[in-house]
Amino acid sequence: MKSNTIAAIATPMTNSGIGIIRISGDEALDIIEKVFKPKKKDKKIKDVKTYTAHYGHVYDESTLLDECIVLVMKGPHSYTAEDVVEINCHGGVVVMKKVLEAVFKAGATPAEPGEFTKRAFLNGRIDLSEAEAVMDLIQSKNEFAMSTSLKQLEGALGKKITEIRKQIIHSVAFIESALDDPEHYSVDGFSDELKDQVEVIINQLNEFLENADNGRILKEGIQTVIVGKPNAGKSSVLNVLLGEERAIVTDIAGTTRDTLEESIQIKGIPLNIIDTAGIRDTNDLIEKIGVDKAKDLLTKADLVLYVVDTSDPLTKDDEEIMELIEDKQTIVLLNKADLDQVVKVSDLKEKGFEQIVQISAKEQTGIEELYQLIQDIFFEGHVSFNDEIYLTNMRHKTEVSEALKSLAMVLQSIEDGMPEDFFSIDLLDAYEHLGFITGESVGEDLVNEIFAEFCMGK
Ligand code: GDP
């Protein structure tokens, strides 16, 4: 089927070194013939080899627009699996717009956001999880998010899901055959076999879901709140933590108007430290923003760092804080370890705290231990960036959960001694839900919705 040829500016709409206009479709080469004059007069772009670059000038009819380099990538071995041409011109906003206009005049139509990647999917070059990984890769906020998207882009998740779907459809096919042709296929003992198989699949999918939380944490960062009474050393602790990776500290608008989030990475683990902007005035979370807000802030926290001054007896303030953080994943930082100890580790153990690290923000001791503890708590001491498949996309997580529900029904039907065609219905349901991840069973609406999130020119 002939598709229309699309074009868009693929680089940001701001003045920059290079601006790229991307064209994809059956007429990409015809269009470039019309707007581009190679330096070598006798060169015909239609005849050049794929994956080659060509120097020349781009024109709007007879008007010279820019000098440029044209890259030719012929289908099916291109990003979209169609003929793709990229015009690398000078990155001025006006230049890029003019070149795009000329390309439209020559026959291209404007691309929708994400349409290049959508074509790669629709043309079967990548599955939907790989297409989504492209977007995740672009939006990666840290190294982990980047490496996990890259892995998904290489098809790790899609392959695994396809494998599971194959096993499921194989069983369905067997049931159907046996029901159609009982003389040749016997279902005797089949339910035991199916039970084993479904259990294995359930375990695999459950593992995905368990990893999903770690995946989310790594992708989004551990929401961390530092609490402690005035002068315990909260700001000093924060500064030590920030100092570790000063270069990649960023300020993001926080969850409430009074707060800021500072994102840091410790041994590859991203921590979003929720810092209350006004806190610096009084140095007291509760006093400054009130108990309700502090509670609200704590609800969203994955981790609380409770700073206690070891040289100063515990007070009513500490009691109040302890009450607030009662149910939270907490690490007590017994700070000022360089001074005489008034509050001891055993005192905090008595109060029910288990994770206690003695540190000195001033002398920067105990910090390594804190990092190790964070790894232990969230990743059982080991963050794996390479081996595991992390389900970081909410949509994928939902589909895996739905598939699990259907598979649980299969087990239930087996247990209840239901007839085999009952198994098929739920197996097919699970098959379909998993197909939503790879895109094999998605409808057009969902596809459009997913790609609408993409950037222009991608
Ligand atoms: P905050 O009110 O909890 O934010 O506490 P600050 O970080 O402002 O620290 C209060 C005081 O304690 C400051 O004078 C710090 O220099 C001091 N301080 C912080 N950490 C240490 C430490 O580890 N050892 C010592 N000796 N002093 C510290």
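1. Basis of the model. Residues are numbered from 1 along each chain as its sequence is written. The model is predicted: local features need pLDDT of at least 70, side-chain atom pairs count only at pLDDT 80 or more, and totals for chains, interfaces and linings use all residues.

2. Strands β3 and β4. Helices (H or I, at least four residues) and strands (E, at least two) are DSSP runs, numbered from the N terminus. Two strands pair if DSSP finds at least two bridges between them. Strand β3 (residues 36-38) runs antiparallel to strand β4 (residues 52-60), and three bridges join them. Within this pairing, P38 has G56 in β4 as its bridge partner.

3. The β4-β5 hairpin. Strand β5 (residues 63-73) is also antiparallel to β4, with nine bridges between the two. Y55 stands opposite I69 in β5. Two residues separate β4 and β5 in the hairpin, and E61 in the turn has a positive phi of about 50 degrees.

4. The annotated site. An unreviewed UniProt entry places the feature "binding site" at S235 and T256; UniProt positions are given in the numbering used here, feature names are shortened, and annotations may be inferred rather than shown by experiment. S235 lies in helix α8 (residues 234-244).

5. Helices α7 and α14. Two packed helices are described by the angle between their axes and the distance between the axes. The axes of α7 (residues 190-220) and α14 (residues 394-415) come within 10 Å and cross at roughly 155 degrees (axes are lines fitted to C-alpha atoms, for helices over the stretch in contact, and angles run from 0 to 180 degrees between N-to-C directions). The two helices are therefore roughly antiparallel (over 145 degrees; under 35 is roughly parallel, 65 to 115 roughly perpendicular, the rest oblique). Their crossing is left-handed (the near helix is turned anticlockwise from the far one by less than a right angle; clockwise is right-handed). Residues of α7 that meet α14 include L194, V198 and L205, and those on the α14 side include L404 and L407; contact requires C-beta atoms, placed from the backbone, within 7 Å.

6. Helices α4 and α5. The axes of α4 (residues 128-139) and α5 (residues 143-153) come within 8 Å and cross at roughly 155 degrees, so α4 and α5 are roughly antiparallel. This crossing is left-handed. Among the residues that meet are A133 and L137 in α4, and M146 and L150 in α5.

How values were computed
Contact = placed C-beta atoms within 7 Å.
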